[in-house]
Amino acid sequence: MKEVLDYLEKTQTTHLEELKQFLHIPSVSTDSNHKEGIRKAAQFVADYLKEAGFTRSEMQETPGHPLVYGEWMEAGKSAPTVLIYGHYDVQPPDPLDQWQSEPFAPEVREGRLFARGASDDKGQVFMHLAVLKAFLKTTGELPLNVKVCIEGEEEIGSAHLYDVLQQRKEQFQADFVMISDSGMVAKDQPTILYGLKGFTGLEVTLKGPENDLHSGLYGGAVKNPAMALAQLLATMKNEEEVVTVAGFYDEVEPLSEDERVLMKEAPGEDYPTSTGAPSTISEKGYTAKEHTMARPTLEINGMYSGYQGEGTKTIIPAEATAKLTCRLVPGQDPSAIQDLLVAHLEKHVPEGVTLSITREPLSAKAYKVSPDHPLIQHAAASLTETFAKEAVFVRMGGSIPVVEWFDALYQIPVVLLGFGTPEDRLHSPNESFPVEHFHKGMQTLVHYWEKVKNMQ
């Protein structure tokens with residue numbers, strides 16, 4: 001292990017420059033104008049694995065963007081096999097005028113590497129690639145069997161990955177999955193993420209008259225769809241942030257006292273400072289940290305209806321629409337939750353309007369692994385060894401559908417070992433990643449692979 005760590009220290013500059021080459025490629029998966037960048041980024045990963053010494057490394061076509069698959073299976077049948085997952089595609093850089101430097105021209109400023117994808121997820125993917133290469137270049141072998149799956153469609157919902165994982169189960173079969181596509185609660189605060197929320201949603205539209213009407217001539221005679229929508233949505237959650245949809249909480253896994261202690265011990269975000277909101281709110285009986293980490297939510301993501309221009313246009317709009325999403329916790333099934341929401345809306349729709357509902361096709365169940373699992377404890381110990389600070393354990397309010405897919409299809413644990421920070425500005429202008437975390441992250445991975453090797 002010392003040999004590998006020494007190698008990484010000596011090649012810090014090289015690895016940073018190689019990451020910059022990776023970040024320079026505009027691999028925006030949502031924009032067809034970047035098809036060349038997508039394939040170039042995939043080829044970069046495949047070539048890097050091949051040069052590192054992987055026995056198999058190739059781009060595999062999907063109905064959409066290609067994924068990169070690699071493997072090194074020389075550790076023997078008795079050694080565990082890990083599947084390392086990540087993605088090389090990135091979000092669009094817009095709005096460009098808000099970047100302080102070009103989004104695809106990586107630049108280090110004040111200890112941070114600025115570029116689109118620096119944190120999400122090219123920087124964290126590359127740490128794994130560099131560590132695997134370090135092992136092979138110094139010792140000639142890896143501590144365990146390794147498979148690598150780096151996809152190019154994560155930012156568009158991993159549109160084809162589920163089918164690929166299902167069709168090629170033997171290819172991707174492993175003892176556990178490692179994903180670095182998350183972060184820490186604060187810079188230099190080692191964090192173990194042991195749970196993610198699930199996700200589902202609806203689009204709700206209320207229609208009234210065939211077209212917009214004069215509010216003076218028809219107000220009081222025709223139901224206003226915008227007002228009706230506000231009334232309908234108000235029946236779904238009360239002022240104590242409790243969702244009032246019948247059956248919504250029936251299958252929710254209770255939050256144990258042990259977990260409440262873990263969450264209380266984790267550093268918390270100062271929400272008024274970080275968001276500008278005047279105060280925090282949370283479900284009655286739970287703190288804001290507990291609500292965001294471990295209780296389900298129902299949110300209105302957008303509402304639109306009627307005249308949006310300057311000044312006043314006195315109309316009764318013909319229709320009104322709202323987009324709703326729920327973040328789910330263990331025990332809740334996305335399809336069942338959609339059914340409950342639909343039943344509630346149909347029961348409470350005001351008279352004078354008609355209701356139409358579109359179900360969100362991309363849904364995912366929540367994921368949670370025991371904080372006491374040996375693979376999780378080894379991750380915590382590795383972080384503590386590198387950062388010289390005890391790791392904290394948290395669940396995250398966000399969703400990563402692929403995590404639940406690995407759990408459902410392969411029934412294997414997923415280790416979420418992320419090195420991002422709250423200041424990384426994911427999906428926003430001036431995305432960045434701490435250079436110190438880049439180097440410490442690689443050291444952590446070296447410690448981790450050695451600890452997993454010794455589990456045998």
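Okay, quick definition before anything else: when I say accessible area, I mean the Shrake-Rupley kind with a 1.4 Å probe. With that in hand, the chain exposes about 20300 Å², and carbon and sulfur atoms supply 49% of that area. Keep in mind that what you're looking at is a predicted model.

So, the overall picture. We've got 15 helices and 18 strands in this one chain. If you box up the C-alpha atoms along the principal axes, you get roughly 80 × 50 × 45 Å. As for burial, 52% of the 456 residues count as buried.

Contacts next. Take pairs at least 6 apart in sequence: 79% of those contacts join residues at least 24 apart.

Now let me zoom in on one residue, leucine 383. It's part of helix 13, which runs over residues 374-387. Is leucine 383 buried or exposed? Its relative accessibility is 0%, and the cut-off for buried is under 20%, so leucine 383 counts as buried.

And what does leucine 383 touch, leaving out residues up to four places away in sequence? Its contacts there are Met184, Pro190, Thr191, Ile192, Ala388, Leu417, Phe419 and Thr444. Take isoleucine 192 from that list: it's 191 residues from leucine 383 in sequence, but the C-alpha atoms are 8.7 Å apart in space.

Methods:
Residues numbered from 1 in each chain as written. Predicted model: local features only at pLDDT ≥ 70, side-chain atom pairs only at ≥ 80, totals over all residues. Heavy atoms only, no water. Helix = DSSP H or I, 4+ residues; strand = E, 2+ residues; numbered from the N terminus. Buried < 20%, exposed > 50% of the residue type's maximum accessible area, 1.4 Å probe, protein only. Contact = heavy atoms within 4.5 Å.
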